[in-house]
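Here are my notes on this structure.

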Amino acid sequence: TGAIGLYNLGQSCCLNSLLQMFLMNIHFTGILRRITVPPCAGQRRSNVPYQMLLLLEKMQCGKHKAVHPIELACCLSAHKVELFVQHDAAQLFLHLWNLIKKQMKKLELVEELSDLYTICIQEHLACQNCSFEIKNNSSMLTLPLPVLNSSSHRLKTLEECLQYFFHPEELTGQNMCFCQQCGRKTPFLQSMKLVHLPQTLTIHLKRFCFEKSFYMHKLSHYLPFPRDLDFNGVLTENQCQADDNEKATWKYGLFAVVAHSGSTSCGHYCAYIQSLTECKWYCFNDSEVCQVSWDDVKCTYGHSNLHW
């Protein structure tokens, strides 16, 4: 089934969860299997895509319930990925992805990897006094969605988080921008427009906030997300910068959830992933893997008494 665990090497639960998320994605492994194998042993030891491929093959032998990702961990350590520390999943995901992309030698595989994961956003800045406007396109690996609004009120659903992320914001007072046409600082309207979504969309819920004392704490409140998500039913026309053919692809089914329990200073990660070949959900908790139901996945919604 491919549902094989990874032994914890010492606070490596975040790394294990992300590796499972990569290796259970058959679109990613389809790219991974076509990489160029480095010619010498030293290059192979330091090549992240190659070490991921070796780990995948070891997991697919199916002789054990779990395998040790030691060679890959040593490879990542050589690329300044700290071991034996608690990581933030979104930051580690970005670090891993950049290493994978950088070390893939075939340009067509780099393009396929970008198409698989990269999001394109257009930022609009419009002067409120004249017609002056600035547009900038940018790429990102995850959609970083706030779970609180500007008044620190909880957003109640994933759809609300998306709508808030793309909602226009007025820049006034100290936040005013310099308008080249007016020749002075003026109020601006800042907005984000969605240009392109990848085949595998990654959403990062920003479940942390800073208090006045600069103490960061985790927001564990209940926030449900759907099994299927159609962006055309969530965002307005003004929040999109794409043609109808592009928008037709903006329909997603949930594939994986990387979940954290605990506080900002300590805790534990596990991953809930749907097998794309079996259509069954599994919980990957380091070396322990078990089949779960959709109701089990819902525990990652968060709750005051259950801090997933």
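1. Some ground rules for helix pairs. Axes are lines fitted to C-alpha atoms, for helices over the stretch in contact, and angles run from 0 to 180 degrees between N-to-C directions. Helices (H or I, at least four residues) and strands (E, at least two) are DSSP runs, numbered from the N terminus. This is a predicted model, where local features need pLDDT of at least 70, side-chain atom pairs count only at pLDDT 80 or more, and totals for chains, interfaces and linings use all residues. Residues are numbered from 1 along each chain as its sequence is written, and side-chain values use heavy atoms, with hydrogens and water left out.

2. Helix 4 (residues 48-60) and helix 6 (residues 89-103) have axes that come within 8 Å and cross at roughly 105°. Helix 4 is therefore roughly perpendicular to helix 6 (65 to 115 degrees; under 35 counts as roughly parallel, over 145 as roughly antiparallel, the rest as oblique). Val48, Pro49 and Met52 of helix 4 contact Leu99, Ile100 and Gln103 of helix 6 (heavy atoms within 4.5 Å). Five of these residues are nonpolar, one is polar and none is charged. Here Ala, Val, Leu, Ile, Met, Phe, Trp, Tyr, Cys and Pro count as nonpolar, Asp, Glu, Lys and Arg as charged, and the others, Gly among them, as polar.

3. Helix 4 also packs against helix 5 (residues 70-78), at an angle of about 165° with axes 9 Å apart. That makes the helix 4 and helix 5 pair roughly antiparallel. On the helix 4 side, Val48, Gln51, Met52, Leu55 and Lys58 take part; helix 5 supplies Glu71, Leu72, Cys75 and Leu76. By class, this contact has six nonpolar, one polar and two charged residues.

4. How do helix 1 (residues 13-23) and helix 6 pack? Their angle is about 55°, and their axes are 10 Å apart. The two are therefore oblique to each other. Cys14, Leu15, Leu18, Met21 and Phe22 of helix 1 meet Ala89, Leu92, Phe93, Leu96, Trp97 and Ile100 of helix 6. This contact has eleven nonpolar residues, no polar and no charged.

5. Now the second largest pocket. A pocket is an open set of points on a 1 Å grid over the protein atoms alone, where a 1.4 Å probe fits, with protein on both sides within 12 Å along at least five of seven lines; lining residues have an atom within 4 Å of a point. The second largest pocket is lined by 19 residues, and Pro146, Leu148, Ser150, Tyr164 and Glu169 lie nearest its centre. Strand 9 gives the largest share of the lining, three residues. The lining divides into eleven nonpolar, six polar and two charged residues.
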